[in-house]
Amino acid sequence: GALLVNERIDREELCGALSPCMLSFEILMEKPLELYSGTVEIQDINDNDPVFPSSQARLEISESVAAGARFPLESAQDPDVGVNSLQTYQLSANPHFALDVQTRVDGSKYAELVLEKELDREEQRELHLVLTALDGGSPPRSAHVQIHIDVVDANDNAPVFNQSTYKANVRENTPSGTLVAKISAYDLDDGPSGEVVYSFSSHTPAKVRELFALDSATGELRVKGQLDYEETKLYEIYLQAKDKGVVPGVAHCKVLVEVVDVNDNTPEVTVTSVYSPVPEDAAPGTVVALLSVTDLDSHDNGLVSDVNDNAPKSTQDSYDVYVLENNLPGIPILNVSATDPDLGRNAHLSYTLFQGDPTVGHLFSINRENGTLYLLTSLDHEDQVEFSMMVQVQDGGSPPLATNVSVSVFVTDVNDNPPTVLYPQPNTTDTYTDVVPPGTPAGYMVTKVVAVDADAGYNAWISYTLLQATDPSLFSVGLHSGEIFTARQLREDDAPQHTLVILLKDHGEPVLSASATVSISVAEMAKEVLTDLTDVAPANDPRRHVTFYLILAVILVSAAFFITMLSVGIFKCYKWRQSKELYNSSRSTVYRTPGPFHHIDAVRGGFTPPNFYQQVYLTTDSRQSDLLCKKPFTSSPLGSRQSTMRNGEPGLYHQIVGTASRLPAPAE
């Protein structure tokens, strides 16, 4: 019953990095029939030294790098496991750098240099350090590498990755050349200093470099070798981006590649014969054989599998997110949540950001695994108020099912813009002077300060106050209108020139302000203002054209009025002279020998009595009027006769004398 060793055992050759290293066997015993399983654990001894890829390492570090910067170092490899594997690193004493030892997901160690004191190239051009790798054996084994650091000038801007950690899922049977992930970094420098080259970090294990390939120009990470889920389930790949400057800037990121199991292993049935041949008289229940079934695949690949018949369901169909402008880059602003009632890979959800707007990809990023939406840069409310995007939630089924969720990001305003003065124009050589006449009463509006604020809402509400004045008692300014009024009546002893400084403040938090300077001249005419301001260059004021047209209009209206009045006067004078001439000519016709019928001599005609006397007053335009004179009833032969005078001279004073003295004077 003794179990013996047939040959020398090498744990590293049998199991590699797997721990514990187990060898299984079975023992069959008869009479009574029994089957036992046995396991031999191969224990590790510290028989391997840590090994660095090279005996020397060289780093170029700019003197402008700030304290706290990290620089990954070459990792040592130790095939031993457990406490005998690589446990720690040590750095030689120096005034600038400290060593930070990190642990990967698989438990392996790697070291980073941390800059504690800034470098000065003029003080020290290069540094020499020694990095020591130690395992946990007793006594410990070690390895050393010489680190040579060149202190040189660097670019002003180093490359920056749009995210520090990338995650990807790859099926284990994925063919070579399949795209795993695409990393992206940008550099704000111009020319070669802004061109980015991608590569593996120095402490990336050699096994990873055999399985994956990285395009140095595009940042595409592709499958290079054969992946096996049963061998390694997760790869932690460290990549870097370096520009082409004289002193290249370097940025680092990490890519986590999860190997997805596929059903590439058939179940194995092991039959252990116990009783063969079987006698014909064997009793019921007799053990004939022992069967065992194993499958190297995992999870659902070893069961009756789930059908991907449920699409992911989000707790909300849409999200509205409000973000203050001038935010810090890289902050999370939303977590998109979704569930899938399926099982296994069919319920594993991934989140993708659809970029309808090209600017969205530069501003926002989403965590593929948990749906956290990040803001990559600082936003400006005055530049853009709203961003709209679509997040697709997809499960891991075959074929996959997906659900879309809309996200709207609103940028809220922060008081980051002071008031801007439009009038009077600031920072200009032209001087605008407003004129107010002497003796102007209180409440007279002299001018108005015009300003705007690029912010919104309460942050853009501007108030105006009088900060400084030649005579503070003479002028006042409207708190919200910016209108400048006279606070009292102007006196003769007031200064002829006044300079006002108006303070403009918004109502944000904190309050932002600006100032405007207004010049006011007290003068009777514009000529006096020009006399006082002979040293001021004429301003190209568009209002002067309006003033010219107004003055021209007043002159034309005045001239038209004068011509009209002169015409009316001449016309009146003409009519007066015409009437006077007519009057004089009419007076002479009273004593003129009458014509045959045009003038009537009442006495000679015998139509009226000789002592008849009557006064008649006619208008100047009575040439065509009829004068009717009626006599009362008398015994005269002319008793019923009517004396009719037609076509009398207009505008004249007539005397009509009657010949019959015995008749009474008739009524007018």
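## Disulfide and cysteines

A disulfide is a pair of cysteine sulfur atoms within 2.5 Å. In this predicted model, local features need pLDDT of at least 70 and side-chain atom pairs count only at pLDDT 80 or more, whereas totals for chains, interfaces and linings use all residues. Residues are numbered from 1 along each chain as its sequence is written, and side-chain values use heavy atoms, with hydrogens and water left out.

One disulfide is found in a search of the whole structure. It joins C15 to C21, with an S to S distance of 1.8 Å. The torsion about the S-S bond of C15 and C21 is about 65°, so the disulfide is right-handed. Burial is expressed here as relative accessible area: buried means under 20%, exposed over 50%, and partly exposed in between, with a 1.4 Å probe and protein chains only. C15 is buried because its relative accessibility is 17%, and C21 is buried at 2%. Two further cysteines can be described in these terms: C253 counts as buried at 4% relative accessibility, while C573 counts as partly exposed at 41%.

## Salt bridges

Side chains of opposite charge can pair when their charged atoms come close. The structure holds 13 salt bridges, each defined as a side-chain nitrogen of Lys or Arg within 4 Å of a carboxyl oxygen of Asp or Glu. One of them pairs the side chains of D150 and R58, with an N to O distance of 2.9 Å. This pair links distant parts of the chain, since D150 belongs to strand β9 (residues 142-152) and R58 to strand β3 (residues 56-62), 92 residues apart. Helices (H or I, at least four residues) and strands (E, at least two) are DSSP runs, numbered from the N terminus. D150 counts as buried because its relative accessibility is 13%, whereas R58, at 57%, counts as exposed.

A salt bridge also forms between E231 and K207, whose closest N and O atoms are 3.9 Å apart. These residues are 24 residues apart and again link distant parts of the chain: E231 lies in the loop between β16 (220-223) and β17 (234-243), and K207 in helix α2 (residues 206-211). E231 is partly exposed at 48% relative accessibility, and K207 is partly exposed at 40%. The side chains of R488 and D471 meet in another salt bridge, at 2.9 Å from N to O. Here both partners are in loops, R488 between β36 (483-486) and β37 (497-505) and D471 between β34 (463-469) and β35 (475-477), 17 residues apart. Both R488 and D471 are buried.

## Nonpolar cores

In soluble globular proteins, nonpolar side chains tend to be buried together. A nonpolar core is a set of buried Ala, Val, Leu, Ile, Met, Phe, Trp, Tyr and Cys residues joined through side-chain atoms within 4.5 Å. The largest such core has 28 residues, of which F212 and I237 touch the most other members. Two or more residues of this core come from each of β11 (165-171), β12 (179-182), β14 (196-200), α2, β15 (212-214), β16, β17 and β18 (250-260). The largest share, five residues, is given by β18.

Contact means heavy atoms within 4.5 Å. Leaving aside neighbours within four places in sequence, F212 is in contact with V180, F200, L221, R222, V223, K224, L227, Y235, I237 and V257.

## Surroundings of L113

L113 lies in strand β7 (residues 109-115). With a relative accessible area of 0%, L113 is buried. The C-alpha atoms of L113 and R70 are separated by 5.5 Å, although the two are 43 residues apart along the chain. Beyond its neighbours within four places in sequence, L113 is in contact with L59, A69, R70, F71, L73, L91, F97, A98, L99, L129 and I149.

## Second largest pocket

A pocket is an open set of points on a 1 Å grid over the protein atoms alone, where a 1.4 Å probe fits, with protein on both sides within 12 Å along at least five of seven lines; lining residues have an atom within 4 Å of a point. Grid points are joined across faces, edges and corners, and a volume is the space filled by probe spheres set on the points.

The second largest pocket holds about 1200 Å³ of space. It is lined by 30 residues, of which A17, Q77, D106, S108 and P205 are the closest to its centre. At least two residues of this lining are supplied by each of β5 (86-91), α2 and β17.
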